[in-house]
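Dear colleague,

Please find below the structure that I am handing over to you, with its sequence. My notes on what was found in it follow.

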Amino acid sequence: MSTTEHPHAAQPAAERAGSPVTELTAEHLVNPAVNGRLAGRRAVVTGAARGIGAEIARTFAAEGACVAVLDLLLDEATIIAKEIDGFAVGTDLSDAEATRVAMSATIDHLGGIDILVNNAGVLKFSPLLDISIEDWDLTFDVNVRAMLVTTQVAAKRMIADGSGGKIVNMASMGGKLGAPNQAHYAASKGAVISLTQVAAMELGPHQINVNCICPGYVLTEMGAATRTQAMIDAWSAKSPLGRLGCPGDVAKMALFLASADSDYCTGQAMNVTGGMMMQ
Ligand SMILES: NC(=O)c1ccc[n+]([C@@H]2O[C@H](COP(=O)([O-])OP(=O)(O)OC[C@H]3O[C@@H](n4cnc5c(N)ncnc54)[C@H](O)[C@@H]3O)[C@@H](O)[C@H]2O)c1
């Protein structure tokens, strides 16, 4: 599995912070999918330039949501945003202040927020004894700390508006089981599960549901560089369903957790592993 590259990481925070490339107009809020499960909802999906996040953005838009696509990869995010008639925001989530500024600007463009999906994540394989402090910090900054920052900005707005809301965090099977060569990643995803539980406790009185998803092995860019057919076969055999996951499998769970269907579900870590893990 390869490290997610950050081509804009050297840019100063002020240049990266909150740079919406498409102005939100009134017509964005009049989505034709008026009967969709998310009709009229305003959503922010992080890490939505590709992979699981892009599929979540597409799924939400198809169900009537107006979606802000927030990612480090602004060009790719812009393509997805145009496809779904949403808008793109380029932000480096490893920069806490830039994240706070970008989230505030994004919510202002949306005119409020009903759904936050904290999907962005990084993974770099490394044996426990070789993990550098830099890699540990980057993993936690993107996978967990950014989640805290976006949640603080979004939940404060949801509380101020009295509208309630849904927050969906991307954890991982690794956060429950761990896996060799993924100590920093697995620890960060374990932290996501704990953060989700505490957020659910504190935000529940404001009718804000907070849940997380634990995908198994999903075929995306994450890991593509080192993936082999033998690995795919071995992992597929761990699932009673006999296959790996696809982004749509995870997006359907995100849709459930973002919709009214999950109104009495909070603080949960939902497995989407094809049965690779059953606890
Ligand atoms: N693919 C899997 O097998 C798998 C399994 C379990 C969990 N997950 C989790 O699902 C989520 C999505 O993973 P994916 O497979 O789609 O990966 P991916 O690498 O294809 O996509 C990750 C996205 O996050 C963005 N991102 C990374 N660092 C960022 C930063 N500093 N600022 C802003 N955006 C940043 C990337 O640009 C990218 O668009 C991640 O949280 C990942 O840990 C994936």
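**Overall organisation**

Among contacts in the chain between residues at least 6 apart in sequence, 75% join residues at least 24 apart; two residues are in contact if their C-beta atoms, placed from the backbone, lie within 7 Å. Please note that this is a predicted model, in which local features need pLDDT of at least 70 and side-chain atom pairs count only at pLDDT 80 or more, while totals for chains, interfaces and linings use all residues. Residues are numbered from 1 along each chain as its sequence is written.

The chain has nine helices and eight strands. Helices (H or I, at least four residues) and strands (E, at least two) are DSSP runs, numbered from the N terminus. Of the 279 residues of the chain, 47% count as buried. A residue is buried if 20 or more other C-beta atoms lie within 10 Å of its own, exposed if 12 or fewer, and partly exposed in between, with C-beta atoms placed from the backbone.

Strand β2 (residues 42-46) pairs with β3 in the parallel sense over five bridges; two strands pair if DSSP finds at least two bridges between them. The bridge partner of V44 in β3 is A68. Strand β3 (residues 66-71) is in turn joined to β4 by four bridges, and these two strands also run parallel. Here V69 has A88 of β4 as its bridge partner.

In a regular strand the side chains alternate between the two faces of the sheet. Six of the six residues of β3 are buried, so β3 is largely enclosed by the rest of the structure. On one side of β3 are C66, A68 and L70, on the other V67, V69 and D71, and all are buried. Strand β4 (residues 87-90) is likewise covered on both faces, with F87 and V89 buried on one side and A88 and G90 buried on the other.

**Residue A48**

A48 lies in the loop between β2 and α2. A48 is buried because 33 other C-beta atoms lie within 10 Å. Leaving aside residues up to four places away in sequence, A48 touches G53, A54, I56, A57, V69, L70, D71, A77, I80 and N119. The C-alpha atoms of A48 and N118 are separated by 9.6 Å, although the two residues are 70 apart along the chain.

**Surroundings of the ligand**

Of the 29 residues around the ligand, G47, G51, G121, T220 and M222 come nearest. A residue is near a molecule or strand if its C-beta atom, placed from the backbone, lies within 6 Å of it. Helix α2 (residues 51-62) supplies the largest share of this shell, three residues. By class, the shell divides into 14 nonpolar, 11 polar and four charged residues. Ala, Val, Leu, Ile, Met, Phe, Trp, Tyr, Cys and Pro count as nonpolar, Asp, Glu, Lys and Arg as charged, and the others, Gly among them, as polar.

**Strands β5 and β6**

Strand β5 (residues 115-118) and β6 run parallel and are joined by four bridges. L116 stands opposite I167 in β6. Strand β6 (residues 165-170) is mostly covered, with six of its six residues buried. G165, I167 and N169 point one way from β6, and K166, V168 and M170 point the other way.

**Packing of helices α4 and α5**

Two packed helices are described by the angle between their axes and the distance between the axes. The axes of helix α4 (residues 96-110) and helix α5 (residues 133-161) come within 9 Å and cross at roughly 30 degrees. Axes are lines fitted to C-alpha atoms, for helices over the stretch in contact, and angles run from 0 to 180 degrees between N-to-C directions. The contact is made by A96, T99, R100, M103, S104 and I107 of α4 and by R145, A146, V149, T150, V153, A154 and R157 of α5. These residues divide into seven nonpolar, three polar and three charged.

**Loop residues**

D85 has a positive phi of about 60 degrees although it is not a glycine. D85 is in the loop between α3 (74-84) and β4, and counts as partly exposed because it has 14 C-beta neighbours inside 10 Å. P240 is placed in the loop between α8 (229-237) and α9 (247-258). With 9 C-beta neighbours inside 10 Å, P240 counts as exposed.

Yours sincerely
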